[in-house]
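The questions below go through one structure site by site, and each answer is meant to be checked against the coordinates.

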Amino acid sequence: MVYLPRLSTLLLILLLLNSCITEDADHSIMTVNGAIFSSEMGVTLTHEHVMVDWIGADSTGYHRWNREEVVERALPFFLEASGRGIDTIIEATPAYLGRDPFILAEISRRSGIQIITNTGFYGAVENRFIPHYVYEETAEEIATRWINEFENGIDGSEIRPGFIKMSVAEEQPLTGLHQKLIDAAAITHLQTGLTILSHTIGDVPAMEQLEWLKSAGVHPKAWVWTHAQSGSLEGNLQAAEMGAWIALDNVQFSPDQEPEEHGSIEWYAERVMNLKEAGYLEQLLLSHDAGWYDVGEENGGEFRGYSDLFDFLVPELADRGFTDDEMMQLLISNPQNAFGIRVRAQ
Ligand SMILES: [Zn+2]
C-alpha cells in the first residue's frame, strides 16, 4: 500500500516548492551560440566590447572590417579571461556601432567563453548611430524590428540577442526620439522578457527613463543603469530603491590616477561599499567596458583586457571586509538575475 501524506502536508510542500520556483527560478539566457540556463552563466562580466566602429550609422557595415583579423586580435584577451575563470561576457556593442554577431560566435567557439549580444539602438552622441528610418518609424515599428531579431535571428543568422541595448543623450532630459526608443524597448521587453541595458550618463536621464518605463508598464527591475558611476550616490540609491540594476562598469586601473579621483579603483570600492551598506548589494553589477578592436585603427588600435576588476578591485574590496560570498553575489548571482529572460511588468 502506498503511503499518502495528508492533504494539508501535500499543500504545504507544493506551496514551498512554488515559492522556491518563483524566488530562485532558473531562467533562460540567450547566448550567441544558443540558449542556456541562467545557472550555467558562471562568473559574468556584464558590459564589455569586442569591436566598435565610430564612423556612424550612415557609413558602417560588415564591409568595414575583416572578421578574421578582428577575431585574431580579440581572441587572446578572451583566452586570458577564460584562464582567469570568467565564463560569460555580455557584449554591449549595439547595431550600427560595430555589432557583428558572427565574430562573437566565432570568438565564443574558440575561447569557450559564452557571449551574449543585443538588439536595440544607441541614441547618445547626437544620434550619430541611429539609422534614418528610425526617425520615421513608430515605437511599435522599431520594436517589431527588435522582436524579429529575438525571434528569428540577426541579419539572416540564427544568432539571437540576449538583451536590449539602448542609450539616451547625456546629462539632460529625454528628447522625443529617445522617448520613442524607450517606448520601443518597453514594447520589446513586454513581448520577449529581454532586459533593457541603457547607456545613461547622469541622474536626470536615469530617473526620467525609469518613470517613462513604469508608465509604459515595465518594472524598473527590467532596466540596467549602465554607466551608473556617472550618477551621484544619491541618484544610484534612488534608482536602486525603485528596483533598477546599478551597473558600475568602467573598472580600470590607471597608475596616474589619484585614489580620491572619480573612477579610481578606490572610488569604485567606496561606491560598492556605500551601495552594499544601503542594502543594494543584490542589485549591483560590475564590469570594465573594456576591449576593443577599433575599426579604422591599425590592427584595431589599443585593446584593453578584461582583468583589472580581478587584479585591483577584488583585493581592494577584500581589504574593506568584502567577503568571497559577496563577490560571488556580484559576479555570479546578480548577472543571472539581471539577464534571466522573463517579463517584469509594472
Ligand atoms: Zn560600453
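Buried means under 20% relative accessible area, exposed means over 50%, and partly exposed lies in between, with a 1.4 Å probe and protein chains only. This is a predicted model, in which local features need pLDDT of at least 70 and side-chain atom pairs count only at pLDDT 80 or more, whereas totals for chains, interfaces and linings use all residues. Residues are numbered from 1 along each chain as its sequence is written, and side-chain values use heavy atoms, with hydrogens and water left out.

Q: Is Asp 289 buried or exposed, and what is its relative accessibility?
A: Asp 289 lies in the loop between β12 and β13, where helices (H or I, at least four residues) and strands (E, at least two) are DSSP runs numbered from the N terminus. Its phi is positive, about 50°, although Asp 289 is not a glycine. Asp 289 counts as buried because its relative accessibility is 13%.

Q: How many residues apart are His 47 and Asp 289, the pair that links distant parts of the chain?
A: His 47 sits in strand β3 (residues 44-48), while Asp 289 belongs to the loop between β12 (284-286) and β13 (293-294), and the separation of the pair is 242 residues.

Q: Which residue does Gly 291 join through a cis peptide bond?
A: The omega angle of this bond is about -10°.

Q: With which side chain does the side chain of His 27 make a polar contact?
A: His 27 is placed in the loop between α1 (7-24) and β1 (28-31). Leaving aside residues up to four places away in sequence, its contacts (heavy atoms within 4.5 Å) include Ile 36, Phe 37 and Gly 340. A polar contact is a pair of N or O atoms within 3.5 Å, where within protein one must be able to donate a hydrogen and the other to accept it, and residues adjacent in sequence count only if both atoms are side-chain atoms. At 3.4 Å, the side chain that meets this criterion with His 27 is that of Arg 342.

Q: At what distance does the side chain of Arg 320 make a polar contact with the side chain of Glu 270?
A: Arg 320 lies in the loop between α10 and α11, and it counts as partly exposed because its relative accessible area is 29%. Not counting residues up to four places away in sequence, Arg 320 touches Glu 266, Ala 269, Glu 270 and Met 273. Its side chain also makes a polar contact with the side chain of Glu 316 at 3.0 Å, and for Glu 270 the distance is 2.7 Å.

Q: Is Met 327 buried or exposed?
A: Met 327 lies in helix α11 (residues 324-339), and, with residues up to four places away in sequence not counted, it touches Val 314, Leu 317 and Phe 322. Since its relative accessible area is 10%, Met 327 is buried.

Q: Is Gly 156 buried or exposed?
A: Gly 156 lies in the loop between α5 and β8 (163-167), and its C-alpha atom is separated by 26 Å from that of Lys 180, 24 residues apart along the chain. Because its relative accessibility is 82%, Gly 156 counts as exposed.

Q: Which helix gives the largest share of the lining of the second largest pocket?
A: The second largest pocket is lined by 18 residues, and Ala 95, Tyr 96, Arg 99, Glu 149 and Asp 155 lie nearest its centre. The lining divides into eight nonpolar, six polar and four charged residues. The largest share, four residues, comes from helix α5 (residues 139-152).

Key. On a 1 Å grid over the protein atoms alone, a cavity is a set of points where a 1.4 Å probe fits but cannot get out, and a pocket is an open set with protein on both sides within 12 Å along at least five of seven lines; lining residues have an atom within 4 Å of a point. Ala, Val, Leu, Ile, Met, Phe, Trp, Tyr, Cys and Pro count as nonpolar, Asp, Glu, Lys and Arg as charged, and the others, Gly among them, as polar.
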